Amino acid sequence: MKTLIHPTAVIHPKSELHPTVEVGAYAVIGAHVKVGPETIIGAHVVLEGPCEIGARNQIFTGAAIGMEPQDLKFVGEPTWVKIGDNNLIREYVTINRATGAGEATVIGNNNLLMAYVHVAHNCVIEDHVIIANSVALAGHVHIESRARLSGVLGVHQFVHIGGMSMVGGLARVDRDVPPYMLVEGNPARVRTLNLVGLKRSGMSSEDLQTLKKAFRILYRSGFSFKDALEQLEQLGDTEQLQHLRRFLLLSQMPGRRGLIPGKGKRTVSDE
């Protein structure tokens, strides 16, 4: 009969592991860690609680999940890491607990976090997100579903990255990345639509053409922010346009970082 827990693993009696969980050599699992069915925990992984991990995740060698946040405001209050299902968390990824009593750092479903990714306190990563090697997310970063982050880049605290966007490698992301856009550079700038990603998503040609018109309004027309939103409303009311307009409006709210500009002298981020 297969042994699912390596004899060198250290597992706290107050942790909860489903009987189908596999635990590799020298892994350490602390108190108040809950792991769902068919999750595989690799060698030398460290899990600290409170932490909840769902089903069919694979956590590779040396990952450290649930550690206290790297935040001087943290004073030991009860906070969480919550991870969904079907995630691949590669070697030496670090995912910290949140700051603020009852708050959580949240990873959704079907994500790929490649080696050495750092997810700081209070981050939210939705579903089907791919984050390449050595990406560092500061606190309170929110990444919407199906976004793609290339390697060796940094994301400033409180930044939001829109769904189905693409961020190029070595970028410095200090403001919000609108959905569907391709961003690169240091400082980062919106270059064009994420055309490859949008086509791969199965988006219809009509919706893609509408987003191309939206891109020209936002980054090639010279419209003010208010006028650009009015122009977007005239394009129609597709699901993609609704989401884009909502994201643009929320980016201007207190506590948000504002929008990454385009490469021209005047873009939608100019008030």
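Q: Where is Pro 187 found?
A: Pro 187 is in the loop between S26 and S27. Helices (H or I, at least four residues) and strands (E, at least two) are DSSP runs, numbered from the N terminus.

Q: What am I looking at, and how are residues counted?
A: This is a predicted model, in which local features need pLDDT of at least 70, side-chain atom pairs count only at pLDDT 80 or more, and totals for chains, interfaces and linings use all residues. Residues are numbered from 1 along each chain as its sequence is written, and side-chain values use heavy atoms, with hydrogens and water left out.

Q: How do S26 and S27 pair, parallel or antiparallel?
A: S26 and S27 (residues 189-193) pair in the antiparallel sense over 4 bridges. Two strands count as paired if DSSP finds at least two bridges between them. Across this pair, Glu 184 stands opposite Arg 189 in S27.

Q: And what about S24 and S26?
A: S24 (residues 166-167) and S26 run parallel, paired over 2 bridges. Met 166 is opposite Leu 182 in S26.

Q: Which residues are on the covered face of S26, and which on the uncovered one?
A: In S26 (residues 181-184), Met 181 and Val 183 make up the covered face, while Leu 182 and Glu 184 make up the uncovered one.

Q: What sheet are these strands in?
A: An open sheet of 10 strands, in the order S3-S6-S9-S12-S15-S18-S21-S24-S26-S27, with mixed pairing. S3 (22-23) and S27 are the edge strands, each with a single partner strand, so one side of each has no neighbour in the sheet. Further along that order, S18 and S21 (residues 148-149) pair in the parallel sense over 2 bridges, and Ile 131 has Leu 149 in S21 as its bridge partner.

Q: What about the sheet of 8 strands?
A: That open sheet has parallel pairing and the order S2-S5-S8-S11-S14-S17-S20-S23. Within it, S8 (residues 51-53) and S11 (residues 80-83) are joined by 3 bridges, and Cys 51 stands opposite Val 81 in S11.

Q: Where is Pro 50?
A: Pro 50 is in the loop between S7 (46-47) and S8. A cis peptide bond joins Gly 49 and Pro 50, with omega about 0 degrees.

Q: New topic, helices. How do H2 and H3 cross?
A: The axes of H2 (residues 205-219) and H3 (residues 225-235) come within 10 Å and cross at roughly 165 degrees. Axes are lines fitted to C-alpha atoms, for helices over the stretch in contact, and angles run from 0 to 180 degrees between N-to-C directions. That makes H2 roughly antiparallel to H3. Angles under 35 degrees count as roughly parallel, over 145 as roughly antiparallel, 65 to 115 as roughly perpendicular and the rest as oblique.

Q: Which residues make the contact?
A: Thr 210, Lys 213, Ala 214, Ile 217 and Leu 218 of H2, with Ala 228, Gln 231, Leu 232 and Leu 235 of H3. Contact means heavy atoms within 4.5 Å.

Q: And how do H2 and H4 pack?
A: H2 and H4 (residues 239-250) pack at about 25 degrees with their axes 10 Å apart, so the two helices are roughly parallel. Asp 207, Thr 210, Leu 211, Ala 214 and Leu 218 in H2 meet Gln 240, Leu 241, Leu 244 and Leu 248 in H4.

Q: Which strands does H2 lie across?
A: H2 lies across S26 and S27, running at about 150 degrees to S27.

Q: Is Arg 245 buried or exposed?
A: Arg 245, in helix H4, is buried, with a relative accessible area of 13%. Buried means under 20% relative accessible area, exposed over 50%, and partly exposed in between (1.4 Å probe, protein chains only). Not counting residues up to four places away in sequence, Arg 245 touches Leu 229, Leu 232, Glu 233, Gly 236 and Asp 237.

Q: And Leu 170, buried or exposed?
A: Leu 170 counts as exposed, at 59% relative accessibility. Its place is in the loop between S24 and S25 (172-173), and Leu 170 has a positive phi of about 65 degrees although it is not a glycine.
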